[in-house]
Amino acid sequence: MRRIIYWIFILALQVFVLNHLDISIYLVPQVFIILLIGLRLDISRMLQILIAFGVGLLIDFFTSTPGINASASLWLMVLRMAFLDRQDLKEHIANKQPYSLKVAGTPYLYTVSVLVVFYHLYIFWMESIGAIHWGKLLSTTLISSVLALTIISILEYISLSSSE
Amino acid sequence: MQRLLDFIEQNLYIILFAVLQLVSAFLIFGMNHYQQAAFSNSLATVTSELNQMSSNVTSYIGLKDQNALLQEQVSDQFRTSSLGQVLYLRDTFQVKDSVGRILFDMTPAQVVYNTSYKANNVFVVNKGLEDGVRKNMGVISSQGLAGIVLNSNRKYSTVMSLLNTNMTVIPNINGQEYYTKLIWDNIYPNSMAIKGINKLEKIEVGDLIQTGKSSLLFPEGIPIGRVTSLEEIPNSQYFKIRIETSTNFRKLDYVYVIENKDGNLIEPLLEE
């Protein structure tokens, strides 16, 4: 139940708050991807793919960008699988734990960082396809990724504090 | 088999990933107007580039076809003659007799300068002494007789055109040689006159005029032209014949310079 509320909270934060930030055109943080990154480790790969597609499509529905977040989420999930294959998580898979800082430690930090940057780069690239300004694309990606990682860090901190 | 099935089962998520990516691509490029326009634009660019590449390739293939066509035309010129075969080499090709003896070497050349409106027309080809082209070699086009080499330097040769008052070619009409001259009178383009043929000769409009055996410069059977009119001169026993040259001298691009391989052996015999 707690997990479902967490999902609804993050999705609502993304759809109703973060997608409507009018601070700068360079600030479009995609925080909801922490839900995909933090999926339970024992979930089958088929189900992971389906969840990624479903969540991406849901975000697309609210942002009127059909397919962009769905495609990006699918890539993100495949990359996550590749990263997780290189980490020793057998015990945590058996315990059906979600992927988190508490479970994976330092590798979690770089996995999240890389996936967040990748996701932002992919969606901004897809949005500007055909007229790409690399300077704008890279700066948007960088600024939005930093903001997204900051929010994710705060959420992780709150999550860790409450679990303790 | 079981291993294969296990492999497919383990990697089924990749198939699902690919299918869902296709669905996403369909949504992105089908339902987002901007991405749709960008995709159409990119597709048009790629298509036009592919078309350009295709055009380049087909034009190159076209060149090959053009070359084959020219070679075929030259072959046709020899088909009716007593000569046996034409052997194509890299740059030149050889005309052999029926027992395989080389009779003529033919070197392709490009016309770089040409006149066809003067009393004494000449053209220049881009082959010279370095290519084995020398004075008094015959020159033909893919359509027929073109001229005789007047002079050569290292790289180029001047050719006396058939449309030249100094040109002497003995015509062979309907397989019979007439010891008269083709006259370039500069009245009509690509049109020459023949005088001195008796009215009793069986010649009709449309008859083909070719080279015969009386020249060492050209193989027998090279088209010179066709009879376009037969004029009976009053109080004369001769026709005045007009012919249209087979070679279009106003559009002369490529020619073949002919070397009679046995010319230097035959000529001394004739001078004795």
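1. Chain B of this predicted model has four helices and 15 strands. Helices (H or I, at least four residues) and strands (E, at least two) are DSSP runs, numbered from the N terminus. Residues are numbered from 1 along each chain as its sequence is written, and chains are lettered from A in the order in which they are written. Local features need pLDDT of at least 70 and side-chain atom pairs pLDDT 80 or more, while totals for chains, interfaces and linings use all residues.

2. Of the 272 residues in chain B, 30% are buried, that is, 20 or more other C-beta atoms, placed from the backbone, lie within 10 Å of the residue's own. Strand 7 of chain B (residues 157–164) is mostly covered, with seven of its eight residues buried.

3. Strand 7 of chain B runs antiparallel to strand 4 (residues 120–125), to which five bridges join it. Five bridges also join strand 7 to strand 6 (residues 145–152), again antiparallel. Strands pair if DSSP finds at least two bridges between them. Val159(B) is the bridge partner of Phe123(B) and of Val149(B). A hairpin of four residues links strands 6 and 7 of chain B.

4. Which chains give residues to the contact, and how many? Chain B gives 16 residues and chain A gives 15; two residues are in contact if their C-beta atoms, placed from the backbone, lie within 7 Å. On the side of chain B that touches chain A, helix 2 of chain B has the largest share, eleven residues.

Technical notes:
A residue is buried if 20 or more other C-beta atoms lie within 10 Å of its own, exposed if 12 or fewer, and partly exposed in between; C-beta atoms are placed from the backbone.
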